[in-house]
Amino acid sequence: MKNEGLSPIVQTITSLLFPLTLIFAFYIILFGHVTPGGGFQGGAVGASAVVMIIVAFGAKHIHEKMNHDTMSIFESTGALVFILTGLIGLLVASTFLSNFLIGEFIFGKIPAWGSNPGILNSGGILPILNIAVGMKVIAGLSAVVLLMALAMEDKKK
Amino acid sequence: MRKLLALVFFFIFCGFLVFSVFELHTFGNPPSDMDDYIISNAQNETGANNAVTSVVFDYRGYDTLGEATVLFTAIAGVMILFRKGGKHEE
């Protein structure tokens, strides 16, 4: 345990809670087309998990493990996946962001009308866009908070 | 003089706001066709059980692309401001 950051009690509980929070975030992102939630909401939950370990362990210690350049690459990948999905819709079907995966093998099932538990393998391009936006929000918000916390720690010294 | 003019325009603006409040439709009347269309067709057309996600990412997907771009721009701005190791530090 590093002596920067908060006390060892907080650090232990945080390292226990961090994977659970990330799993919850991934669940919200991946089930965005079946249950309430989606890319933005799950991304906010995942970014809050990263903010939690930044507060507990100190920004310097976290910055050695995850560089903000890597996060920026992840964020740009999310944006590119979103736009490329839209462009494939423009090529395959008629319009930009058209739902070209309906009826196909992957994500193509259509649930029954009305309230039902739903199928995970449904939704067309919606799961792909959810994953892209979720990647973008997790990486982007974490990078912002990490950079700001680093600047604060530099200013204190 | 300028303050008097500002006061006059303020009261005219307030008058417009109060007038528009009295001219509002009552809640849910006349009914809109859009929500009925989405409730009856969203599951068949997009295959998603969550109608909110089907609106946000399918019917209004272009709007979500703009939202993601706003987020991207904000994060790029913060990264430019807070990045370390500029040439001026040395």
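In the predicted model, the contact between the two chains draws 34 residues from chain A and 22 residues from chain B. On the side of chain B that touches chain A, the elements giving two or more residues are α2 (33-46), α3 (51-59) and α4 (61-82) of chain B. Of these, α4(B) supplies the largest share, ten residues. Sorted by class, this side of chain B consists of twelve nonpolar, nine polar and one charged residues.

Helix α1 of chain B covers residues 2-22. At 1.5 Å a residue, its 21 residues should span 30 Å, and the end C-alpha atoms are 31 Å apart, which agrees with that expectation. With a burial criterion of 20 or more other C-beta atoms within 10 Å, the number of buried residues among the 21 of α1(B) is zero, so this helix lies largely in the open.

Chain A contains five helices and zero strands, and its order along the sequence is α-α-α-α-α. The radius of gyration of chain A is 19 Å, whereas the globule rule gives 15 Å for 157 residues; the value is well over the rule, so chain A is more spread out than a compact globule. The C-alpha trace of chain A spans about 60 × 30 × 20 Å along its principal axes.

Within chain A, 38% of the 157 residues are buried. Among contacts in chain A with a separation of 6 or more, 67% join residues 24 or more positions apart.

Key. Residues are numbered from 1 along each chain as its sequence is written. Chains are lettered from A and ligands numbered from 1 in the order in which they are written. This is a predicted model: local features need pLDDT of at least 70, side-chain atom pairs count only at pLDDT 80 or more; totals for chains, interfaces and linings use all residues. Helices (H or I, at least four residues) and strands (E, at least two) are DSSP runs, numbered from the N terminus. The radius of gyration is taken over C-alpha atoms; the globule rule is 2.2 Å times the number of residues to the power 0.38. A residue is buried if 20 or more other C-beta atoms lie within 10 Å of its own, exposed if 12 or fewer, and partly exposed in between; C-beta atoms are placed from the backbone. Two residues are in contact if their C-beta atoms, placed from the backbone, lie within 7 Å. The expected span of a helix is 1.5 Å times one less than its number of residues. Ala, Val, Leu, Ile, Met, Phe, Trp, Tyr, Cys and Pro count as nonpolar, Asp, Glu, Lys and Arg as charged, and the others, Gly among them, as polar.
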